[in-house]
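Here are some friendly notes to read alongside the model. Take the points in order, and keep the 3D view open as you go.

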Amino acid sequence: MGPLRSVVLCGGGTGGHIYPLLAFADCLRRHDPSVRITCLGTPKGLENELIPPAGYDLRQIPAYQLPRSVNMSLVRTPDRMWKAARAAGKILDEVRADVVIGFGGYVSVPGYLAAWRRELPIVIHEVNVPPGVANRLGMKFTKNVAVGFPHQPAQAESLRDARVVGVPLRRGIAGLDRAAVRNAARAHFGLRPDLPVLFVAGGSQGARSINLAVSGAAKELARNGVQVLHVIGARNEPVSVPTDLPVPYVTLPYLSEMELGYAAADLMLGRGGAMTCAEVAAIGLPTIYVPYPHSNQEQKRNALPVVEAGGGLLVDDAEVTPAWVERTVIPLIRDPQRLAAMGAAAAAYGRRDGDVALLNFVYEAVSR
């Protein structure tokens with residue numbers, strides 16, 4: 001198989017689709033600096049804030065929310081879907097695409113349709129169970145399906161024959177040596193080098209229940225010598241933290257360099273998004289997962305395998321209160337041996353090579 005000349009990547013809407021897309025784009029560029037990389041996005045998606053600053057060509061096409069059930073009549077009927085597919089097709093023709101690789105989100109569907117009509121190879125990467133509606137639809141057009149986690153083929157019939165490749169992670173995370181940069185990361189946030197750090201982050205949207213529980217336990221955490229690095233989430237209300245604490249409690253609305261937070265931390269408390277699960281397992285960071293409660297439980301399914309492997313704890317959102325933080329988090333973060341065992345178990349479950357494994361799968365699919 002010769003080098004790929006032109007690759008079109010589709011994925012938008014949320015960080016869970018865009019971050020693996022960007023990590024994979026970086027991997028493509030590292031392996032072949034001459035490859036043309038074009039990303040499809042929608043006018044309103046988060047991709048507009050993330051993809052162009054990363055140095056990649058983002059082309060906008062109209063995209064429409066899909067109904068939750070997938071069938072072929074859904075594709076055939078709406079003329080607006082064909083309108084979006086025609087727009088995607090023009091871009092595929094212009095850049096002379098060799099392959100379309102989709103990571104999910106509504107923008108992927110027009111890309112899949114346009115590639116199918118041109119008989120171009122389609123590769124799908126999916127991190128959730130059940131698969132998202134866009135990727136479920138894409139699976140009608142291709143057998144080249146890759147997944148991020150070993151539990152997915154066992155839990156979803158549609159993914160039974162998928163290849164487990166891992167999740168493409170940014171090099172800053174995949175190559176992170178937490179111990180080597182711990183002190184520098186702590187200094188960056190104004191944290192002390194000699195006391196344990198609890199890293200709290202509820203994903204790109206933040207998590208109100210987690211925010212209130214940890215800030216409510218601020219005094220007791222500080223009294224026990226536990227520092228807190230708390231990413232509130234840009235869309236959440238600021239949390240109120242006492243000003244006279246004896247140890248640092250640092251709050252941030254948003255953190256773009258998550259690897260610095262991971263490096264500073266002894267223990268993380270967060271949601272169970274697929275990207276979070278992939279990142280913290282790969283770098284061996286012990287984590288307490290509090291899955292988002294108002295969904296199809298996909299976050300619980302994401303976190304359960306690494307928890308069962310010994311790499312973390314799983315807690316219901318309703319249980320997370322200041323009293324729970326005092327009762328559960330403080331004894332754990334003050335137990336270095338238990339944290340070390342959890343970290344080792346997480347690292348044994350996680351993988352750092354998802355980008356290269358997906359690239360090899362793409363080469364196979366194209367050569368077929």
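1. Let us begin with a word we will need throughout: a residue is called buried when its relative accessible area is under 20%, and exposed when that area is over 50%. Keep in mind, too, that this is a predicted model. Now try the word out on C10: its relative accessible area is 0%, so C10 is buried. C277, at 2%, is buried as well.

2. While you are looking at cysteines, how many disulfides does the structure hold? The count is zero. For C10, the nearest cysteine sulfur belongs to C39 and lies 8.8 Å away. A disulfide needs two cysteine sulfur atoms within 2.5 Å, so C10 is in no disulfide.

3. Next, find the largest nonpolar core, which has 38 residues. L169, F199, L229 and Y262 have the most contacts inside this core. Several elements give two or more residues to it, including α9 (178-189), β8 (197-201), β9 (227-231) and α12 (258-264). The largest share, seven residues, comes from α13. Both domain 1 (4-168 + 352-365) and domain 2 (170-347) supply at least three residues each.

4. Setting aside neighbours within four places in sequence, its contacts include F189, V197, F199, V250 and G261. There is also a second, separate core of 32 residues, and W82, V95, V109 and M139 are among its members.

5. Now turn to α9, where the buried residues are R178, A185, R186 and F189. Why do they count as being on the same side of the helix? They span an arc of only 100° around the axis, and that places them together on one side of α9. On the other side, A180, A184 and A187 are exposed. The cover over the buried residues includes β8, β9, β10 and α12. After the helix comes G190, with a positive phi near 75°.

6. Compare that with α5 (residues 108-117). Eight of its ten residues are buried, so this helix is largely enclosed by the rest of the structure. Among the buried ones are S108, P110, Y112 and L113.

7. Here is some background for the next two points: most residues other than glycine have a negative phi, and most peptide bonds are trans. Just after α5, E119 has a positive phi of about 55°. E119 sits in the loop between α5 and β5, and at 74% relative accessibility it is exposed. R96 also has a positive phi, about 55°, although it is not a glycine. You will find R96 in the loop between α4 (79-95) and β4 (99-102), where its relative accessible area of 68% makes it exposed.

8. P130 belongs to the loop between β5 and α6.

9. That loop, between β5 (122-126) and α6 (133-138), also holds N128. An unreviewed UniProt entry lists N128 under the feature "binding site", together with T14, G15, G16, R170, S204 and Q299. Is N128 buried or exposed? At 15% relative accessibility, N128 counts as buried. Leaving out neighbours within four places in sequence, N128 is in contact with Q152, L159, A274, E298 and N302.

Technical notes:
Residues numbered from 1 in each chain as written. Predicted model: local features only at pLDDT ≥ 70, side-chain atom pairs only at ≥ 80, totals over all residues. Heavy atoms only, no water. Core = buried A, V, L, I, M, F, W, Y, C linked by side-chain atoms within 4.5 Å. Buried < 20%, exposed > 50% of the residue type's maximum accessible area, 1.4 Å probe, protein only. Helix = DSSP H or I, 4+ residues; strand = E, 2+ residues; numbered from the N terminus. Domains from an automatic or database assignment. Contact = heavy atoms within 4.5 Å. Arc of directions from axis to C-beta. UniProt positions renumbered as here; feature names shortened; annotations may be inferred.
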